[in-house]
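Visitor: Please take me through the features of this model, and for each name you use, show me the rule behind it.

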Amino acid sequence: MTALVLKIILILLLGSVLVIMLKPNRPEIGILLSVGISTVAISFIIKSFYNPIKSLLDIYNKTTANGFNISVVIKAVIISYLTQFCADTCRDFGLSAIAEKAELTGKCAILVLSVPLINSVLKTALELTKL
């Protein structure tokens, strides 16, 4: 894992230097390079966490009736990371209004995603109060 982190940081640092060098003369290429480098870094990160998350889900599914609760949490974390990536990229290009809309979109998506979970918790609480 340490080697992967070092590889990602090296890619990001080298990419940052290239973007800084290109930005004054060719800002359009600097923007594309910045998005491309960020996308490569995110893909390395997602690839490295896929197997641990999958094994966590497999263990959880074997020990509980369903893995719905943990899958909601994992999806919410993924949405928040992707939203943050999008918002940070927009801010890098001076688009703070769009970045705020990206963050709002992520928050709304997480709320919609969690409605069934909230519903399940409320039903359980109501059943317990009837005892």
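**Pockets, cysteines and salt bridges**

Visitor: Where does the largest share of the lining of the second largest pocket come from?

Guide: That share, 5 residues, comes from α3, where a helix is a DSSP run of H or I of at least four residues, numbered from the N terminus. This is a predicted model, in which local features need pLDDT of at least 70 and side-chain atom pairs count only at pLDDT 80 or more, while totals for chains, interfaces and linings use all residues. Residues are numbered from 1 along each chain as its sequence is written, and side-chain values use heavy atoms, with hydrogens and water left out.

Visitor: What makes a residue part of the lining of the second largest pocket, and which residues line this pocket?

Guide: A pocket is an open set of points on a 1 Å grid where a 1.4 Å probe fits, with protein on both sides within 12 Å along at least five of seven lines, and a lining residue has an atom within 4 Å of a point.

Visitor: How many residues line the largest pocket, and which lie nearest its centre?

Guide: There are 14 lining residues, and I45, I46, F49, I78 and Y81 lie nearest the centre of the largest pocket. The elements that give two or more residues to this lining are α2 (27-63) and α3 (68-92), and the largest share, 8 residues, comes from α2. By class, 12 lining residues of the largest pocket are nonpolar, 1 is polar and 1 is charged, and about 510 Å³ of space lies in this pocket.

Visitor: How do you know whether C90 is buried or exposed?

Guide: Buried means under 20% relative accessible area, exposed over 50%, and partly exposed in between (1.4 Å probe, protein chains only). C90 has 12%, so C90 is buried, whereas C108, with 40%, is partly exposed. L111, whose place is in helix α4 (residues 96-130), counts as exposed at 52%.

Visitor: What makes the contact between R91 and E103 a salt bridge?

Guide: A salt bridge needs a side-chain nitrogen of Lys or Arg within 4 Å of a carboxyl oxygen of Asp or Glu, and the side chains of R91 and E103 meet at 2.8 Å, N to O. R91 lies in helix α3 and E103 in helix α4, so the pair ties together parts that are 12 residues apart in sequence. D88 and R91 also form a salt bridge, at 3.7 Å, and these two residues, being 3 residues apart in helix α3, are separated by about one helical turn.

Visitor: How many salt bridges does the rule give?

Guide: The count comes to 3 salt bridges, including one between R26 and E28 at 2.9 Å, N to O. R26, at 42% relative accessibility, counts as partly exposed, and E28, at 41%, is partly exposed as well.

Technical notes:
Grid points are joined across faces, edges and corners, and a volume is the space filled by probe spheres set on the points. Ala, Val, Leu, Ile, Met, Phe, Trp, Tyr, Cys and Pro count as nonpolar, Asp, Glu, Lys and Arg as charged, and the others, Gly among them, as polar.
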